[in-house]
Amino acid sequence: MAKFQVVDHPLIQHKLTIIRDKNASSKVFKEVLNEIATLLAYEVTRSLPLEDVEIETPITKSVQKRIAGKKQAIVPILRAGLGMVDGFMSLIPAARVGHIGMYRDPETLEAVEYFAKFPVDIDERHVYVVDPMLATGASAIAALSQLENKYNVKQENMTFVGLVAAPEGVNALRDAFPDVDIYVAALDDHLNDHGYIVPGLGDAGDRIFGTK
């Protein structure tokens, strides 16, 4: 079974409290979400492989470390996942960005795909699928399924990164993709009858883009 980790760094928890507040403006929500994404990116890249390289400093030749292994890709689940891309790119500027669009059917709560565009070499990269919310898990499962089945990305080369998760979504995602690591900033209590995370932070897409 792959790793499931709640990243409980004090800065992340503090910033998460700011955007949970219903009175936080769209501007504040976007800015703080970006900051949390940067902190999460720092944690999820902790195990990247390194290799020795010889360089010449202003003083002498020296053997130092450089990131090795697979190149990286960031795939936000539209539209809320867009709010996490800049935070990741600030630490991994050479990463390529793909996009996958999903919306949740309000009656069935199932994910419906409406857009997908990925780098041509996506199957040769480690892919970070990002979405602030992991509620039922349907959108994340659909996105990972598309990457695995249509674009040949192996489970061990995918990582899901979110802000707030419900136990139902975590369990569903782990059952469907046992070899995909999952990182979130908080594991909340449960889903309500409308499929929203409790206590949660509302609809992340609406709060990022000011559409509600």
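A residue is called buried when its relative accessible area is under 20%, exposed when over 50%, and partly exposed in between (1.4 Å probe, protein chains only). With that in hand, welcome to this structure.

This is a predicted model, in which local features need pLDDT of at least 70, side-chain atom pairs count only at pLDDT 80 or more, and totals for chains, interfaces and linings use all residues. Residues are numbered from 1 along each chain as its sequence is written, and side-chain values use heavy atoms, with hydrogens and water left out.

Let us begin with the whole protein. It has six helices and 13 strands, which are DSSP runs numbered from the N terminus (helices: H or I, at least four residues; strands: E, at least two). Buried residues make up 45% of the 212 residues. The C-alpha trace spans about 65 × 40 × 30 Å along its principal axes.

Now to one annotated site. An unreviewed UniProt entry marks I197, G202, D203 and A204 as "binding site"; such annotations may be inferred rather than shown by experiment, and their positions follow the numbering used here, with feature names shortened.

Two of these residues are compared below, where contact means heavy atoms within 4.5 Å.

| Residue | Element | Relative accessibility | Contacts beyond four places in sequence |
|---|---|---|---|
| I197 | strand β13 (residues 197–198) | 7% | M133, L134, A135, V164, A165, A166, D188, H190 and L191 |
| A204 | helix α6 (residues 204–209) | 3% | F29, A80, P132 and M133 |

A204 counts as buried because its relative accessibility is 3%, and I197 counts as buried at 7%. M133 is in contact with both I197 and A204.
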